[in-house]
Every structure is written in structure tokens, then in C-alpha cells.
Amino acid sequence: MTMRRGFLLISIGTLLGAAIYLPLRLQAASSQLASHSLPPAEAGGVVVGLCDGETSIEVPWLKPGQRMTREQARAVSNALMAKWRQRHSNAEWQTAQAQTSQPGATQPAAQQGQAGATAPAAAIQGGVYERLTPREQKIADLETTKFIEEGKEIFHNPEKLGGTIGVSCDMCHPDGANTHPETYPKFQTQLQRVALLRDMINWCIENPVKGKPLGPDDPRLRALDAYIIAQRNGTALAYGKH
Amino acid sequence: MEERDRLLRALRQIDRRRFLRVSSAAAGAVLAKGLVAPHSFQLVEVASAAVDKSWAQTGAQGKPPFTFAYISDTHLYTKKLNERFVRGALKAVEDVNALDPQPDFVLFGGDLAQLGRADEMRLGAEILKEVKAPVKMMVGEHDWFLDMGEMWQQLFGPPSYSFDWKGVHVVTLMSVNEKDFWTARHMSPDERMHTVAGLDNGVQSRFEVGDAGREWLKNDLGKISTDTPILIFSHSPLYKYYRPWNFWTEDADEVQQILQPYKTVTVIHGHTHQMLSNRIGNISFHGMLSTAWPWPYAPEGLPKLTIQMDRADPFDQFDACGNGRFNVAEGGLIDAVYNLWDRNPVTITYRYLASSGAEDRPSAPKLLSY
């Protein structure tokens, strides 16, 4: 009887544990970037995946947790590359190389030999901004635009500004007109200090908008900053100008 | 000198509200001592009463000249929410009541309320009741688009009307109609009003007098001779200045066509909250100041005859706001006097516009819009 009850308790515990743990695990997995799901090992070895997220081979003599020597590892990676080259032309590999190579890294001599043709002299220097893929550039631009749009929304909304009298920035500054972000820093007599754009934003929030000034890390202040500056894109800097 | 130093020291420690009190105390002290300090507080010389009285004396052709004043674009919220705009409106009423001689009437230039609410409009009516001279009301888009003019017409009558005054034919023209942009977007009245209240969202339609309005104008003007001077009160400018901000009347060309046969036409408009002057053919255009806040000049489209007002000082709530009056000479030739608060007044004469800026040019401001 006791054994049966014990077994019941253990199984319930396991089920509960699984019920709690698995959703968290799945959540963690889904919030990560896309990962390479490797096929299971069939010959009792370890499956090694290539950085393209698709190609993999099984190394039958490798046991899970076993460390390879440098020569063994090179042999494995060569085999992986050979499998990749079966499916892709030489030209494709060179493009991928340009996108992912580390600056100053030397190409392993073995790989070059295997390719059957020497890789051409690198078309780029390989600095970080050269290596941005079109997709990464697009994401960066979208994020910036989104942030500026957030600023635009706050700029036009008395409640989001924390204002208490129904006044928003766009009343005196439609499309950010007459804000002149390119003229900061400048000495502002009325503030008795050299003002930055955000000092003026906060003064306006406190006075005509009648809200509380925003703290330096307030996302609203940063977004307003971004929106106002973005409206003067291309205008020459002229700090100190009144 | 000692008083001045004491004053400057006190200035470093005060906020804006106390500044106003201090400055008026200082001005008083200066006056009492009979001193004029050219580098500290300039005492503004307002156009003297003598000049105003001369208008009443010349009366050629039995049609005496006259003056009328204006208060415009008060944009009132309810009193509990926003006192700042109420103060501006009250200040304008004080100015107008202090005019000597009193104007024949006072034009209200539109945008009495900010969000078209009945309580906002009633507050405005309450404030304007204090005006001694008779008030002629004009509607703005902020008054109209919450309930499509229902409350406005209940309180103030039809949005377009005309009357004759001392030889001038005066027309108040509803010019802030908009083609329906709200039904397709399933907007509530509140959403529609908030959209119209935003200058730069580009969602609302451009202002227009509209087909019906133009028909009405044509018929109204059909009854008078082309020699009769005409005065048009309109909220939108009746010309095309800057489309993205609705500083614009979509059918301006057609309206100007209707006005073209008449020898002397002056359009006085609100909405732009800035000193604005233009001349197109036979028509002079004058923009009115707001009591609530100033608009900056648009990035393009500014009429070249406009004398800009100096950029607004954000640290002074009344700066670049104000009211004004118009002196109407015989023949319906009109001079516009801008009563800019906290600044010297500026007069844009008929001669300045008619001579394309060659004569009577007012001084240019030091700080142009950029």
C-alpha cells in the first residue's frame, strides 16, 4: 500500500513539475532567436550542426560530452562544409563568407584547398557597419522610425505629456516647427544656464503644458528628443543661435 | 542705478509669475522718478488717442470713416481645466474696452471654444458679454466640428450673414467647411473634433467655403454695385498659404473670382495666429492675432508682403498674441493695427499693400522665422 501511495505521489509530483517546467521552457525557447533543430543521432554519436541552420552531420565515433582534438574538429568541420557544398555553388559560399567573417581572421588553409579555388581578395574591409545585412539595416531603420513615432504621439498629446491644462507641444510647434533643436546648446538667460534641447522640453512641459518635468531617463523625454531632432534632419548645426 | 542692481539681483531668484509683478513694480518706480532707462524696461508708446480721434473727424462724401476692433482665436477650454487661455481672452476684452474712442463694433474672429463643447462656448459667451461695443460673431473649425455647428448656431446665429455699415458692405462668410473625412473612418464626434483640432495631422480635409457657401456669397454680393467697398470676415484665409496646416481655402480661387469685379475688397481672417498680410489683385488680406497662442510661420508659402512678427518668446505667455483693430477710411480703405501684447503695435496700411510694399513699409523684425 505504502509503495503504491509513494509511487502515486512521485508521479503526481513529476506531472506537476512538468506542468510548471515545460511551458516555461517552451516560452524561453520561443522567445529566443530561431535555432537550428538538429536531427537525432542514429548511429550513437553526436550530431554537429553548421552555422547555416540547415546542414548537419553525425559524427559516429564522438560520444556526447567528449572533447575533440583540434585535428578531429577540423576533420568534422571539413565534412560539414563538404556536405554544404554538395548543395550550394561556390559563389554562394563566398557571399556568406563576406557577411560572417571576423575582421583579421585568416582562412583555414585546409578549407581553401577543399574549395578548389582560392577565395578572392575580400571586397570589404569588414568593419561592423559594412557587415550589416540588408535585413539588419531594415530592422535598425524600423526601430528608429518607431521610436520617433512614439515621440510624435507624446508631442501631440497633453495626457501623455503629463499636462494638466489640455495644452500639447504641437499647439505652438506644428510638425515640430520653431523648436530649432540644431541651436542647442545655448545660454538661456531665463533658465540662468546653458540649455540643452531637453532642458527646453522640460521647461515647456512644466510651464505652458503645466506638467511635471520628465526625468533624464524617462522614455518619454528620449522619444520627444528623437522626434524633435528628426524634424530638422539635414539642417546645419548652429549651436548658440537664438 | 542701485535700484536697478537690486532689481536684477531679485530677478535671478524669481519665477515667471513673480517676474510680471516685479517688472510692473519696476516700471512704476521708473515712472514715478521720471526716469527713462533705455536698456532695461522700455515703456511702450501705444498709438495715441489723438490719431484715433482724427478718424472720427474726416467725413468725406457723407460716409464717415470708422474703426472696429477684433478678438480672435481664444480656444477656450473649460475654466477648471485651463486658466491660461481664459486670461488671454479677458486681457483682450480689457484692451478693447479701454479703446478711446470706442470701436463701432468688435469682431470675434472664430475658434471661441477649443473642442467645440457647449460649456466652452458658454464660457466664451460669458467673457464676450463684458465687451462694451456690440460684438459680431464668426465661427471657426474648433467651434463647429463636435456637433457640426448645432450649439454655435443656437448661441450665436447663422454662420454666414451680411450687413451694411457706413457705406461698407460687410460679409461674415463660413469658410471652414470640410468634406466628410470622418464617416469612412468610423469616427465618433469626439474623434472628429480632436482630428480637426490638430493642425498638422493631415487627416482632416482642407477648408472650403463650399458650393452652397459660394452660391450664397454670389447672391449676396449680386445686390450691390461694384463700387461699394466690401469687407469679408472669414476664418480661413481665402487664399492658399500652406496646405499641410490648413492655412488654406481649397476653393479660394473660385471665391476670389466672385470677389474680382468689386473695386475694393478686404478679407480679414483668423486661424493663422500670426501677423499676416497679402494682396491678390484687388483684394487685401489681413490675418488676426490669437489671444491663446501664436503659430510659427509655415516653412513655405508665406505671402511676400507679410511683415513677420518677431518670433514668440516662450517664456512670456502673452508674447506674439494679442488683438487689434481696423481703421476704415472713406472708400473702404483699411489700415490694420496689430496690438501685439508686450510689444510695440504694428500698422499695416492700405497704401503698403496697394503699393506692393513700396510705401509705408513697417520695420522688419530682428528675428525672422527659420
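**The α7/α8 crossing in chain A**

Modeller: α7(A) and α8(A) cross in a right-handed sense. This is a predicted model, and everything below should be read that way. Helix α7 of chain A covers residues 197–206, and helix α8 of chain A covers residues 219–230. Their axes come within 10 Å and cross at roughly 115°. Angles from 65 to 115 degrees count as roughly perpendicular, and α7(A) and α8(A) are therefore roughly perpendicular to each other.

Now the residues. From α7(A) come A:Leu197, A:Arg198 and A:Ile201. They meet A:Leu221, A:Leu224, A:Asp225 and A:Ile228 of α8(A). By class, the contact has five nonpolar residues, two charged ones and no polar ones.

How far can this part be trusted? In chain A, confidence is highest in α8(A), at a mean of 98. It is lowest in helix α4 of chain A, residues 109–115, at a mean of 45. Residues 104–116 of chain A have a pLDDT below 50. Beyond near neighbours in sequence, that stretch still has eleven contacts in the model. Across chain A, the average pLDDT is 84, and 78% of the residues score at least 70.

Next, the domain setting. The assignment for chain A gives domain 1 at 41–98 and domain 2 at 134–230. The C-alpha centres of domain 1 and domain 2 of chain A lie 52 Å apart.

One backbone detail in chain A deserves a check. A:Tyr184 and A:Pro185 are joined by a cis peptide bond, with omega about 0°. A:Pro185 sits in the loop between α6 (158–161) and β3 (186–188) of chain A. Most peptide bonds are trans, and most residues other than glycine have a negative phi.

Chain B has a cis bond too. There, B:Asp100 and B:Pro101 are joined by a cis peptide bond, again with omega about 0°. B:Pro101 lies in the loop between α4 (84–97) and β2 (106–108) of chain B. B:Asp111 is not a glycine, yet its phi is positive, about 60°. The loop that holds B:Asp111 runs between β2 and α5 (118–128) of chain B.

Helix α9 spans residues 210–222, and helix α10 spans residues 252–259. Their axes come within 10 Å and cross at roughly 10°. That makes α9(B) roughly parallel to α10(B). α9(B) contributes B:Arg214, B:Leu217, B:Lys218 and B:Leu221. α10(B) contributes B:Glu254, B:Val255 and B:Ile258. This contact divides into four nonpolar residues, three charged ones and no polar ones.

Confidence in chain B averages a pLDDT of 88, with 83% of the residues at 70 or above. Residues 30–62 of chain B have a pLDDT below 50. That stretch has 26 contacts in the model beyond near neighbours in sequence.

Finally, the two chains together. The predictor gives the complex an ipTM of 0.81 and a pTM of 0.73. In the model, 14 residues of chain A are in contact with 18 residues of chain B. The chain A side of that contact has seven nonpolar, five polar and two charged residues.

Conventions. Residues numbered from 1 in each chain as written. Chains lettered and ligands numbered in written order. Predicted model: local features only at pLDDT ≥ 70, side-chain atom pairs only at ≥ 80, totals over all residues. Contact = placed C-beta atoms within 7 Å. Nonpolar A, V, L, I, M, F, W, Y, C, P; charged D, E, K, R; others polar. pLDDT = per-residue confidence, 0-100. Domains from an automatic or database assignment. Axes fitted to C-alpha atoms, helices over the stretch in contact; angles between N-to-C directions. Helix = DSSP H or I, 4+ residues; strand = E, 2+ residues; numbered from the N terminus. Parallel < 35°, antiparallel > 145°, perpendicular 65-115°, else oblique. Left-handed = near helix turned anticlockwise from the far one by under 90°.
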